[in-house]
Amino acid sequence: MSGEVGQLERSLRSRIDAGGKCLVPYLTGGLPQGPGAAWTTTMGAIAAAGADGVEVGIPFSDPVMDGPVIQAASQEALEAGATPQSILEELTRLDLGVPTAVMTYANLVFRFGWERFAASVAEAGVAAAILPDVPLEESGPWCDAADVAGVETVMLAAPTGDDARLAAVAERSGGFVYAVGLLGITGERERLADTSKVIAARLKSMTDKPVLVGVGIGSPEQAAEVCEVADGVVVGSAVVRCALETRSPEAVGDLVGGFREALARG
Amino acid sequence: MSAPDDTGRFGRFGGRFVPETLMPAVLELEEAFVEAWADDSFRAELDHLLRTYSGRPTPLTECPRLSEELGVRVLLKREDLNHTGSHKINNVLGQALLARRMGKSRLVAETGAGQHGVATATAAALLGQECRVYMGEVDMARQELNVFRMRLLGAEVIPALSGSRTLKDAVNDAMRDWVASVEDSYYCLGSVMGPHPYPWMVREFHRVIGVEAAEQARDLLVGALPDVVVACVGGGSNAAGIFSGFAEEPSVELVGVEPAGGAAVGHGVPGIVHGMMSYLLQDEWGQVTEAESISAGLDYPGVGPEHSHLSDTGRATYPSVTDEEVVDAFVLLSRTEGIIPALESAHALAWVARERVALAGRTVLVNLSGRGDKDVAQMMDVLADRL
């Protein structure tokens, strides 16, 4: 996104400008819920509980950046028949009041066609996309297509990157900069990794874009702790675990509400 | 076969589709490999190990009884005679030395049939490195002996429990491990696949197969070269190794033989998985489909990017053979030459046997990439009624 500020970044900025911290929960698209509920109902509960945006996983057969919880949810959603098209169609009919971002892997997008996928994402009213196996070096074809379609591309910045690399990633990123909190795949950890605050601080010193930390943020306390430095958090496995265990939109909403309260308390 | 371009591509295939966490490591690896490969002392140490530890050069063997049976002159490049029983050791010794040079004390690897895992565990024992090998749970059951071998050598073997629980899933888990351990660990990838520089680097470490074979063939054939060079292809490392000795010789036909249930070049379409763009077995949405082959080492839905490129340019062709044809070839070589081939290598022989009429009167060089001892337990069931 050159120059223009997109829908996701606007939503996050309004939270930050009001002195708050951003909360972007993640849910696996197409994940079966309990009787009478759909995954989109859970999306609604997440938005209503104080999310500033919601990340929707489009499940892939070989998710190398994901730990056991999101792997299990992906597999279940695939078995239930979820496809990129079905998820985008359901998102089209959904009005959450906050922006959404899709998170998926390169092959699903490549197979769909970079341009066609970007156009479909925009048509579905989805603000942004996150492709964890498309690093800067490979981002050209996707970013060109996304820019044309007006889709914000959230880039990941990792603790292993040197300053020049982090700056280049932040420069290319739209919506927010996704700071990978630790060396490892998605999943909850017992305590907040030391690397989380370090990467957030490094990025904050080099960009004005919102810096959200994801990977390894498993509890409201950890979210609040990392937000001493970061502008916000992405919470994935904790949300998906709750959805898997309870199949209840209310329970997921309560969990997200707990994160919102902790961030408000600071 | 030349180096890929600076984006790590052979034609339109290859690249570096890895999580951002790994990108610096992949760039560092490329730099370290380029530097080591240009360093005479590194090459000398590797050559020394290949000679005194692995037993290179491996012989080129005439097969008079098999040739008579098929009406095709068959020569075998005997990679099965390497230490640990397959060509895999060529690459692993190179990478383990590179890991040491880079100051990484722990090797992470994936394995299908267990040959690459055994080779990695061996090199780690030799150089005093820690070693963890991921192996699909299904493969652990069908290659029990290799699991024990790896553990005996001091490696930790971790079952891959997701998806089809075979090689593809072992690669996923090895990459997940590397994402978490990248600072002190070296990912010792076992084939000409994955993100750049692996497809190129692994091919260079196997180039020795082709270089030796070309020289040996010239000696045996009084200056001539074989008409056809054949190798099995899963990821495609032994094929890349032997092809590299003949690719610049236009008279030599190059044939990579895929399993019918895992024919990525034959039946796949371009896709992105495990860090590379290449031909891939997948459904209409891009979900990777599960390969199904009698041989755990070829049970893989993708293929190395350089093979996709060689197929596109027409320099090599990639037919496939069925499990039944493979079993017949496994028995045929055992009975005619007293050599029990690995099920993987039996794919290359199965193609020669099937195409014997078209190949009549020609000289065919088959890369016998591994020995079949590891497959004997599995084949006892398959052949119970025949023997």
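I took helices (H or I, at least four residues) and strands (E, at least two) as DSSP runs, numbered from the N terminus. This is a predicted model, in which local features need pLDDT of at least 70, side-chain atom pairs count only at pLDDT 80 or more, and totals for chains, interfaces and linings use all residues. Residues are numbered from 1 along each chain as its sequence is written, chains are lettered from A and ligands numbered from 1 in the order in which they are written, and side-chain values use heavy atoms, with hydrogens and water left out.

Entry on phi, chain B. I looked up Thr84(B), which sits in the loop between strand 4 (73–78) and helix 4 (88–101) of chain B. Its phi is positive, about 75°, although Thr84(B) is not a glycine. Is Thr84(B) buried or exposed? I call a residue buried under 20% relative accessible area, exposed over 50%, and partly exposed in between (1.4 Å probe, protein chains only). Thr84(B) has 12% relative accessibility, so it counts as buried.

Entry on phi, chain A. Arg247(A) also is not a glycine, and its phi is positive, near 55°. I found Arg247(A) in the loop between helix 11 (237–246) and helix 12 (249–265) of chain A. Arg247(A) counts as partly exposed because its relative accessibility is 25%.

Entry on cis peptides. Which residues does the cis bond with omega about 0° join? I read Arg56(B) and Pro57(B). Pro57(B) falls in the loop between helix 2 (40–54) and strand 3 (60–62) of chain B. I also noted a cis bond from His196(B) to Pro197(B), with omega near 15°. Pro197(B) is placed in the loop between strand 8 (185–187) and helix 9 (198–220) of chain B.
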